[in-house]
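Me: I have a chain open and want to go through some of its side chains. Can you take a few questions?

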Amino acid sequence: MNGDEQLLRGRVYGCDHDDPDLGPLPHQTYAALVGGPLDGLLLDITGWRLEEVDGGAALVTELGQFPGGRSLYDPRPGEPCTPGPGVSCRFYYSGDTP
């Protein structure tokens, strides 16, 4: 893991880098991003319906194969997603798109 990757661990995707609290909030629900350019980040899924969680996410990033493109993350079928605050599930990297 390089220095840039270490800086991302435990931070929430989409938070401003100037934000003094880049970590998760206790009352929010998160998906842990596994693999790919956003490995170690948390995605805030507070208020997402189960269908939305099942659909995964296409996240804008400068770190993927296509700078300014999107990295695709999806839950694994059959892997549990627990309701409530904290990290409730994992989204796994499946590729990049322009």
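Me: Where does Thr61 sit?
Reply: Thr61 is in strand E3. Keep in mind that this is a predicted model.

Me: Buried or exposed, that Thr61?
Reply: Thr61 is buried, at 7% relative accessible area.

Me: What does the side chain of Thr61 reach?
Reply: The backbone nitrogen of Leu63, at 3.0 Å.

Me: And which residues does Thr61 touch, leaving out those up to four places away in sequence?
Reply: Pro37 and Leu38 on one side of the numbering, then Phe66, Pro67, Gly68, Gly69 and Ser71.

Me: Back along the chain a bit. Where is Gly55?
Reply: Gly55 is in the loop that runs between helix H2 (50-54) and strand E3 (57-61). Its relative accessible area is 52%, so Gly55 counts as exposed.

Me: Where in the chain are Trp48 and Phe91?
Reply: Trp48 is in the loop between strand E2 (42-44) and H2, and Phe91 is in strand E5 (residues 86-97). They are 43 residues apart, and the pair links distant parts of the chain.

Me: Are those two buried or exposed?
Reply: Trp48 is partly exposed at 30% relative accessibility, whereas Phe91 is buried at 0%.

Me: What about the pair of Tyr73 and Tyr93?
Reply: Tyr73 and Tyr93 are also tilted, at 5.6 Å centre to centre with 55 degrees between the planes. Tyr73 lies in strand E4 (residues 69-74) and Tyr93 in strand E5, so this pair ties together parts 20 residues apart in sequence. Tyr73 is buried at 0% relative accessibility, while Tyr93 is partly exposed at 32%.

Me: What lies over the face of Tyr92?
Reply: Arg76, at 3.7 Å from the ring centre.

Me: Next, charges. How many salt bridges?
Reply: The count is 2 salt bridges. Arg49 meets Glu51 at 3.4 Å, N to O, and Arg49 meets Glu52 at 4.0 Å, N to O.

Me: How accessible are Arg49, Glu51 and Glu52?
Reply: Arg49 is exposed, with a relative accessible area of 52%. Glu51 is exposed as well, at 54%. Glu52 is partly exposed, at 32%.

Me: Last topic, cysteines. How many disulfides?
Reply: The count is 0 disulfides. Cys81 is in no disulfide, and its nearest cysteine sulfur, that of Cys89, is 3.5 Å away.

Definitions and conventions
Residues are numbered from 1 along each chain as its sequence is written. This is a predicted model: local features need pLDDT of at least 70, side-chain atom pairs count only at pLDDT 80 or more; totals for chains, interfaces and linings use all residues. Side-chain values use heavy atoms; hydrogens and water are left out. A disulfide is a pair of cysteine sulfur atoms within 2.5 Å. Helices (H or I, at least four residues) and strands (E, at least two) are DSSP runs, numbered from the N terminus. Buried means under 20% relative accessible area, exposed over 50%, partly exposed in between (1.4 Å probe, protein chains only). A polar contact is a pair of N or O atoms within 3.5 Å; within protein, one must be able to donate a hydrogen and the other to accept it, and residues adjacent in sequence count only if both atoms are side-chain atoms. Contact means heavy atoms within 4.5 Å. Rings of Phe, Tyr and Trp (its six-membered ring) pair if their centres lie within 6.5 Å; planes under 30 degrees apart count as stacked, over 60 as edge-to-face and the rest as tilted. A charge sits over a ring if NZ of Lys or CZ of Arg is within 6 Å of the ring centre and within 35 degrees of the ring normal. A salt bridge is a side-chain nitrogen of Lys or Arg within 4 Å of a carboxyl oxygen of Asp or Glu.
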